[in-house]
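Here is a short briefing to read with the model open beside you. Have a look around first, then follow the notes topic by topic.

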Amino acid sequence: MKLQRKNMLRASALGALVVSGALVLTACGSDDNTKNDAGASGKPTAAASDIKCDDAKGKVLASGSSAQKNAVDLWIKNYMAACPGVEVNYKSSSSGEGIVAFNQGTVGFAGSDSALKPDAVEESKKICTGGQGIDLPMVGGPIALGFNVAGVDKLTLDATTIANIFNDKIKKWDDEAIKKLNPGVTLPSTAIQAFHRSEDSGTTENLGKYLKTAAPEAWTYEAAKKWPAPGGQAASGSAGVASQVKAVDGAIGYFELSYASSQSIKTVDVNTGASAPVKATGENASKAIAAAKISGTGSDLALKLDYATKAEGAYPIVLVTYEVVCDKGNKAETLPTVKSFLNYTASDAGQKVLSENGYAPIPAEINAKVREVLATLS
């Protein structure tokens with residue numbers, strides 16, 4: 001009897017340790033958006049042999065883009081499982097906040113859905129002793145337009161109609177412009193509730209680049225991280241916008257695809273002028289990103305995307321999230337871990353995680369250049 005009780009206590013203690021460890025692992029690199037993570041199982045998806053810990057040690061803080069949060073959370077789980085004693089903690093906030101944190105020297109790297117502007121590069125020179133901040137493309141994906149309209153399961157829009165919805169010129173779901181794009185679909189007279197980001201956001205900037213390029217007469221605003229148009233309602237982060245769309249009948253908003261997938265939010269098909277409207281999928285985003293060209297100089301690998309593409313099956317509303325690091329002058333205590341972690345995320349195994357979770361891998365030839373630059377960081 002005593003032996004049986006002893007074994008029961010031992011099993012109970014072991015179970016508590018397992019639960020405790022899982023909670024610690026989930027907390028690292030996460031924030032209050034955890035419920036929206038892709039990869040519901042939470043299990044590491046990479047073999048330890050795919051990850052080279054090298055001289056990694058201690059703790060690295062990072063912050064920025066909420067669009068890449070679900071990808072980074074999966075990367076962190078895999079990486080920390082392979083490198084015991086090393087901690088990477090990513091705070092999902094916004095691209096703008098990530099760049100501010102980077103230029104204040106409080107993070108080892110930042111995530112941004114748009115490349116550094118010249119003033120941010122100049123500011124980074126105060127932190128990157130003898131160097132400057134550079135952009136390393138790491139995560140690609142579609143910006144999904146999620147909608148919630150009672151009785152409507154499928155919806156097609158084009159660039160002009162999207163622009164006029166978000167600039168408050170189209171106010172009802174049965175507007176003639178929407179009906180023309182959706183023959184055979186019964187559209188209600190429900191008022192459109194358009195949601196946008198409340199804080200500076202690279203996702204907002206990329207949507208603006210698409211609208212400015214593909215519908216310049218309807219969208220007269222310059223692409224910027226700050227939402228430029230009148231009307232609409234604001235919400236914080238991709239998770240906040242997705243939550244509002246999920247909850248409000250008549251709603252439409254924009255966010256990275258995994259937020260739609262994890263909450264079963266229906267997404268808009270985009271009429272690009274190709275033979276058929278294009279769905280928001282990682283595969284279709286990859287077709288658009290594959291045509292990207294490097295526009296940065298030196299170690300900076302900023303990309304130029306074709307937002308007006310009419311290629312068959314190419315989803316045009318895409319973003320590329322960059323990890324921002326110093327080319328020179330990185331902190332000695334965090335540099336080995338930053339290089340080790342980003343070498344994993346830029347590896348074939350790391351990029352495979354993206355394609356398995358609704359993101360779009362960075363083209364292989366660009367990824368190879370990323371790894372070359374990582375080797376030179378100092």
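Asn-103 is buried, at 12% relative accessible area, where buried means under 20%, exposed over 50% and partly exposed in between, using a 1.4 Å probe and protein chains only. Asn-103 sits in helix H3, residues 95-103; helices (H or I, at least four residues) and strands (E, at least two) are DSSP runs, numbered from the N terminus. This is a predicted model, in which local features need pLDDT of at least 70, side-chain atom pairs count only at pLDDT 80 or more, and totals for chains, interfaces and linings use all residues. Residues are numbered from 1 along each chain as its sequence is written, and side-chain values use heavy atoms, with hydrogens and water left out.

**Around Asn-103**
- Setting aside neighbours within four places in sequence, Asn-103 is in contact (heavy atoms within 4.5 Å) with Ala-120, Glu-123, Ser-124 and Ile-127.
- Ser-124 is 21 residues from Asn-103 along the chain, and their C-alpha atoms are separated by 5.1 Å.

**A buried lysine**
- You will find Lys-225 in the loop between helix H7 (202-214) and strand S7 (233-235).
- Lys-225 is buried, with a relative accessible area of 17%.
- Its side chain makes a polar contact with the side chain of Ser-114, at 3.0 Å. Such a contact is a pair of N or O atoms within 3.5 Å; within protein, one must be able to donate a hydrogen and the other to accept it, and residues adjacent in sequence count only if both atoms are side-chain atoms.
- Not counting residues up to four places away in sequence, the residues that Lys-225 touches include Ser-95, Lys-117, Glu-199, Asp-200 and Glu-205.

**Strand S6 and its partners**
- Four of the five residues of S6 are buried, so the strand is largely enclosed by the rest of the structure.
- S6 runs parallel to S8, joined by two bridges, and parallel to S7, joined by three; strands pair if DSSP finds at least two bridges between them.
- Gln-193 has Ala-251 in S8 as its bridge partner, while Arg-197 stands opposite Ala-235 in S7.
- From S6 the chain passes through H7 to S7 in a right-handed β-α-β crossover: with the strands pointing away from the viewer, the path from the first strand over the helix to the second runs clockwise.

**Helix H8**
- In H8 (residues 237-247), the buried residues are Gly-237, Ser-238, Ala-239, Gly-240, Val-241, Ala-242 and Val-245.
- Their cover includes strands S4 (133-148) and S6 (193-197), along with H7, S7, S8 and helix H9 (257-263).

**Aromatic pairs**
- The whole structure holds seven aromatic pairs. Rings of Phe, Tyr and Trp (its six-membered ring) pair if their centres lie within 6.5 Å; planes under 30 degrees apart count as stacked, over 60 as edge-to-face and the rest as tilted.
- The ring centres of Phe-166 and Tyr-254 are 6.0 Å apart and the planes are at 75 degrees, so this pair is edge-to-face.
- Phe-166 lies in helix H5 (residues 159-166) and Tyr-254 in strand S8 (residues 251-256), so the pair ties together parts 88 residues apart in sequence.
- Both Phe-166 and Tyr-254 are buried.
- Ring pairs link Phe-166, Trp-219, Tyr-221, Trp-227 and Tyr-254 into a cluster.

**The chain as a whole**
- The secondary structure comes to 13 helices and 13 strands.
- Of the 378 residues in the chain, 54% are buried.
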